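Hi,

Here is the structure I promised to pass on.

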Amino acid sequence: MDDLTIIGHWTAATLRSSTPLLMVTLGETLTQRVGIINLGVEGQMLAGACAGFAVAAVTGDALVGFAAGAAAGVLLSAVHAILCLACGANQIASGIAVWTLGLGLTSYFGRQFIGGKVTGLAPLGGPSVAGVPLLGPILAQLTPTAPAALVLVVAVGLWLYRTSTGLKWRIVGESFETARAIGLAPLLVQLQGILIGGLLSGFAGAILSVDYTQTWANDMTKGRGFVAVGLVIVARWNPFFVLPVVLIFGLSEAATLRLQAGGLALSPYLIACLPYVVCLLCVIMASMREGRIGGMPAELASVFGRRSR
Amino acid sequence: MNGRLVQRSLYAAGGAALFLALASAFLLAIGHSPFVTLATMAGYAFGDTYSISESLVKATPILLCALAVILPARLGLITVGGEGQLYLGALLGTAVVVNYPGAQMFALLPAMLVLGAAGGAIWSALAGVLRARFDVNETISTLLLNYIAVLLVNYAVYGAWKDPASLGWPATIQFPPAATVPSLMGTRVHCGFIVALIAAVVLHVAVTHTRWGLGLRVLSGNRKVGTMVGLRFARNTLIVMALGGALAGFAGICETSAIQGRLQSGLSVGYGLTGFLVAWLSGQNFLRAVPIAILIGGLISAGDALQLYSKIPSASATILQGMLFIAALAASGLSTRRETRRG
Amino acid sequence: MAHALVTMAGICKQFGAVVANADVDLEIRAGEVLALLGENGAGKSTLMKVLYGFYQADAGEIRIDGKPIAFASPREAMGSGIGMVFQHFSLVPALSVWENLLAAFPDAPWLQGRSSTRVQAALRWLRRLAPSLDSARPVRELAVGERQLVELAKVLNLNARIVILDEPTSVLTPAETERLYGFIRSLIAEGKAVVLITHKLADVVACADRIVVMRGGRVVDHAQARERTPEQLVNAMVGRERGSSIGAPAPVTAAAPVLQVRGVSATAHGAHIRNISFEIAAGEILGIAGVSGNGQYTLAEALAGLIPVTAGDIVLGGVSIASRFQDGAIPDDVAYVPERPLDNAVVADLDLGLNLALRKMRKLSLFPQRRAITARAEALIARFDVRPPRPALPAAALSGGNLQKLVIARELSDTHRLVIASYPTMGLDVLAAQAVYRTLFEQAASGACVVWISEELDDLLAYAHRIAAIYGGSFAGIVRREDASRQMIGRWMAGMDREAAA
């Protein structure tokens, strides 16, 4: 295989791997931008994966599956919203509770679907483009979800920094009280932030089960939701930076699969540690420089236990 | 003061009612009578001596993992790493057994337990160092480390430590009697339970009544002021994380040794997460964690029995835990809001 | 006769057990400056926040243009033409100036590019108030005086008919204060109404047309400005003939310096101090004047040994503090009353007894005796008049002034070599402030070096042995009290006439 084809395969694998993570990280970025941390994205992603797979398997339609997954994510995130906004519960504990519920519900109701198969979306390029150098293999392996995710990154970034609603969301995330003082409705904005995060994380889960793996397995997200929370910090809460950061992780995941399949003498379980180690290293580097660069929405600082200076 | 007690009890009752409502809704949705099912579960949990002993068996690792969450919480650290620390403790403790299977009990058993505790301590202290030196949020780091720990154990039991005699099932050799934690009164409840109880009492006294415990309170309340009067955040972070991890690691090796008899994939059914729930339900209080851990241990044990006898998958216990957590958070959050509004 | 834009009648507001406003009547008229005068805690801010919709009144009626109205949120008040510039600004530090202005601009477009005409409209008032300010800069980089101008522009963007200013001059240099008075007068000339909330007589004398004095939540006096003398106003504010002012501290007898600061530079949270040098003898009080945000916090933290110095040395009693930097722990012979005590001096969730024992933590026994801690706390609380006098209360339950007294009780109850007091009378009424000064003078009399950072220039000129002014992280000058004047210090505070460091 010539070099271009290899690069093409790697690019495709990375993009495919990154697509679900892009969605959930974007969603959590928006949620954290309004000053809320939601660890429940892991449970929301699971719920999206399970509901998405179940509906897609029953109806035979992947898009309906995506919608179901997004809806499941929204429902579960609503629990987090009620607990944090209405009941004043601790955000980290609430997220873990939502995760627990999501884990239990998907383990319970998903057991009949374990190992099943669905047909995902058709790839972007048919056999006719397979011969095209570099783009051929990429288009042959990618489905519409990948470019959709890329477009979403740009759209969310532009929306956050260039529109008045984006500005209002940023203000709520910096100072709840200031938002109130200038006449905004911060609680409503935070609710929207949580629910949008739920929608995107549920959608991400559905992409994972219906489009990427095309199956359902218990606890199949394997901590990707938590990885997303960490990557939001690494991306400095900037939607544009989410793309390169997630691609790094996606690359390590793609490498993991290649190494495992490639017959490397190392145990597949050790290789599987790579993505988590990469994420942890990124979070460490980001935390080290946080004090000097900043960028954390100020309201979030109190959740993370740092006194605002 | 009396009014506050009444208000808190009312909110607690409300929380319990919310949990029962949620649980009932779920049970009805899967076609079972809430009343009958919950009553059956109570029976499976505490109905006879065998049930009680099974509940205590589950309660032991849960309590230890809860203590592993509560101690760092007293310094203001929120760790969800019990699962990973439990696995690392099992890993390191098993390493002793696998390498010295023929050793005498008086050497093997303590070595195994000590290394088990050390395994958990190291894994937890890793997150502690990251927090103390680099300000890495410990919740995220412990969550990620959980997944790595499970993979490391899989690496061992699918690889170098796989027992050929287990016919393809990924597990180590059976632990020899010299490496088995002794049990209590002929039941499956093992001495780890006693250690957990002692640990709860000792930690409670240490954190509530000593100068060191007061230092933790000061640092967690205001790190800057604590540093100003000479307390050291970094050092205390390492201490509480390591001690907590040691308890979870001890739980891991005890589970492996006394309950499972060998290290295998799927060692824990989420004891780390359950420990987090128990810690939160107990209000980060060491003593209150004991009865709550026993209750939740009963819940999990009943869940297993439900799967066996009533054909309700044991994942239902996870769902119920989630609902219990949500109800408790709603009730306590609303109660605190009410109190601060009164001023 | 100007007509009443706003009438407030019988306003009552309570927070738990604290009565902030009791049966208050007030009128705001167009084309007039109304001064709402009173000490800290008199209820002036609360009253205006009720009008602004930030709080809802428990009882009473508000009428705008004769129509009864009650704003449920600031947004509604802003829509009715009422704008308020808060004492603690409602700007978002991380965002740029134009983004802050745009967020509160009623006519803001959905798509926001810097060059669009509607965005430029939001900057109109800012250009008038501060023509040289670059609106792309993040607010956190602005000086306090500049931030206040942005805040004012934000309010004026709303086409406010009524502009409420909450303690606007407390963070300004004398020159910036004069400029603000000028703006107020031009607003009046355009027919707007201005309400000036203040505790400073200078503001009233310079601007006010009508004065309302509040004390303890009630209106105690109401007159045209020309009908009252400053003496009468002070009596109304304080409620009694002001007691004899306290005597100045004893002059310094020792000659040898005990505290020597040589070429010290340091950084704390982005604020720098550079090349600061001075010496203090035993029993001497050095007052440091300056607008907050010019390095006072960094200097105080460095002297207390809480941050490392990047250059120079601090020598106390012959022993170098700076080189013995102990990871942010304060040496035993240094007393420190920091600014913002809730964040920097106490643990909010701990009770008063434990907070008072914090400096002695390392000397507690392994199992600390509660009774001893409580007994010591009760004695200190009584001696320094901390209210309510209950050692079991959490520190968060105290008002700002009582918290200040608590910290002073802890820090200044023993003798020390060095006393650092940052804004020690913040939030205290006149009598409590005098008690604090007396404690400081006692410390000086027993041989301590006192570094006293304050915004009350008149107090510094009355009591400090020497006065320094800090500007932009270094000393603009040091002078003895006898040789000092308000103009001289004021110019140093504004960055003019810099001297070489003494």
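This is a predicted model: local features need pLDDT of at least 70, side-chain atom pairs count only at pLDDT 80 or more; totals for chains, interfaces and linings use all residues.

Residues are numbered from 1 along each chain as its sequence is written, with chains lettered from A and ligands numbered from 1 in the order in which they are written.

In chain A, the axes of helix 2 (residues 41-59) and helix 3 (residues 62-86) come within 7 Å and cross at roughly 150 degrees. That makes the two helices roughly antiparallel (angles over 145 degrees count as that, on a scale from 0 to 180 degrees between N-to-C directions, with axes fitted to C-alpha atoms over the stretch in contact). Helices here are DSSP runs of H or I, at least four residues, and strands are E runs of at least two, numbered from the N terminus.

Among the residues making the contact are A:Gly48 and A:Gly52 of helix 2 and A:Gly69 and A:Gly73 of helix 3 (C-beta atoms, placed from the backbone, within 7 Å).

On to chain C. Strand 1 (residues 4-15) runs antiparallel to strand 2 (residues 18-29), with eight bridges joining them (pairing takes at least two DSSP bridges). C:Ile11 has C:Val24 of strand 2 as its bridge partner. Their hairpin has two residues between the strands, and C:Gly16 takes a positive phi near 65 degrees there. Strand 1 is also joined to strand 4 (residues 59-64), antiparallel, by five bridges; C:Ala9 stands opposite C:Glu61 of strand 4.

Cheers

Technical notes: Angles under 35 degrees count as roughly parallel, over 145 as roughly antiparallel, 65 to 115 as roughly perpendicular and the rest as oblique. Two residues are in contact if their C-beta atoms, placed from the backbone, lie within 7 Å.
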